[in-house]
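Me: I would like to learn how to read the charged features of a protein model. Could you take me through them one at a time?

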Amino acid sequence: MSQRLSHHYVPQFHLRLFAGGGRYIHLASRDGSRFVTFASIKGQCARHRFYGDKQVEDWLGDLESRHAVAYRAVLDIAWNDRKASLSDEEDSHLREAILLQRSRTPRNARILALLGDQMLLY
């Protein structure tokens, strides 16, 4: 089995929500000077060995599969005929997903590294 070398810090599932379930998404640079149409989702919001360890990527994959169920439930409530609100388990997984996603970006990794360095210097 091959190792996953490209680690996504935004799950591909999230990006597919913006692509109507497709495999491509349209992108714009932050300053708006460049636009890319039909960019593959597979290569977006990913870095080579971002998490370093295969075990971390596997652990995140397990969490994301639980989170995807909660996201689907939210979408069913918003766009389909599901009348019931989120179950306690779905609610818990949704909250976990939000907290996890907030903490796994490159920006947050830099902030945590700086805080760790400051603590060590102290």
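**Surface, charge and salt bridges**

Reply: Let us begin with the surface. The protein has an accessible surface of about 9400 Å², and carbon and sulfur atoms account for 57% of it. Accessible areas come from the Shrake-Rupley method with a 1.4 Å probe, and for residues only the protein chains shown count as cover. This is a predicted model, in which local features need pLDDT of at least 70 and side-chain atom pairs count only at pLDDT 80 or more, while totals for chains, interfaces and linings use all residues. Residues are numbered from 1 along each chain as its sequence is written, and side-chain values use heavy atoms, with hydrogens and water left out.

Me: Which pattern does the protein follow when read along the sequence?

Reply: Helices (H or I, at least four residues) and strands (E, at least two) are DSSP runs, numbered from the N terminus. Here there are 4 helices and 4 strands, in the order β-α-β-β-β-α-α-α.

Me: What share of the residues counts as buried?

Reply: A residue is buried under 20% relative accessible area, exposed over 50%, and partly exposed in between (1.4 Å probe, protein chains only). Of the 122 residues in this protein, 25% count as buried.

Me: How many positive and negative side chains are there?

Reply: Lys and Arg count as positive and Asp and Glu as negative, whereas His and the chain ends are not counted. Each charge is placed at NZ of Lys, CZ of Arg, CG of Asp or CD of Glu. The protein has 18 positive and 14 negative side chains, and the centres of the two sets are 8 Å apart.

Me: How many salt bridges does a search of the whole structure find?

Reply: A salt bridge is a side-chain nitrogen of Lys or Arg within 4 Å of a carboxyl oxygen of Asp or Glu. The search finds 3. One of them joins Glu96 to Arg66, with the closest N and O atoms 2.8 Å apart. This pair links distant parts of the chain, since Glu96 belongs to helix H3 and Arg66 to helix H2 (residues 54-79), 30 residues apart. Glu96 is partly exposed at 29% relative accessible area, and Arg66 is partly exposed at 34%.

Me: What separates Arg95 and Asp91 in helix H3?

Reply: Arg95 and Asp91 are 4 residues apart in helix H3, so about one helical turn separates them. Their side chains meet in a salt bridge (2.9 Å, N to O). Arg95 is exposed at 54%, whereas Asp91 is partly exposed at 29%.

Me: Is Glu90 buried or exposed?

Reply: Glu90 has a relative accessible area of 15%, so this residue counts as buried. Glu90 lies in helix H3 and forms a salt bridge with Arg82, the closest N and O atoms being 2.8 Å apart. Arg82 is partly exposed at 27%. A contact means heavy atoms within 4.5 Å. Leaving aside neighbours within four places in sequence, Glu90 is in contact with Ala70, Ala73, Arg82 and Ser85.

Me: Which residues gather in a patch of positive charge?

Reply: Patches are made of residues with over 30% relative accessible area and no salt bridge; like charges are joined within 9 Å, and nonpolar side chains (Val, Leu, Ile, Met, Phe, Trp, Tyr) within 5 Å. In this model the surface patch of positive charge consists of Arg30, Arg47, Arg102, Arg107 and Arg110. Arg102 lies in helix H3 (residues 88-103) and is exposed, with a relative accessible area of 58%.
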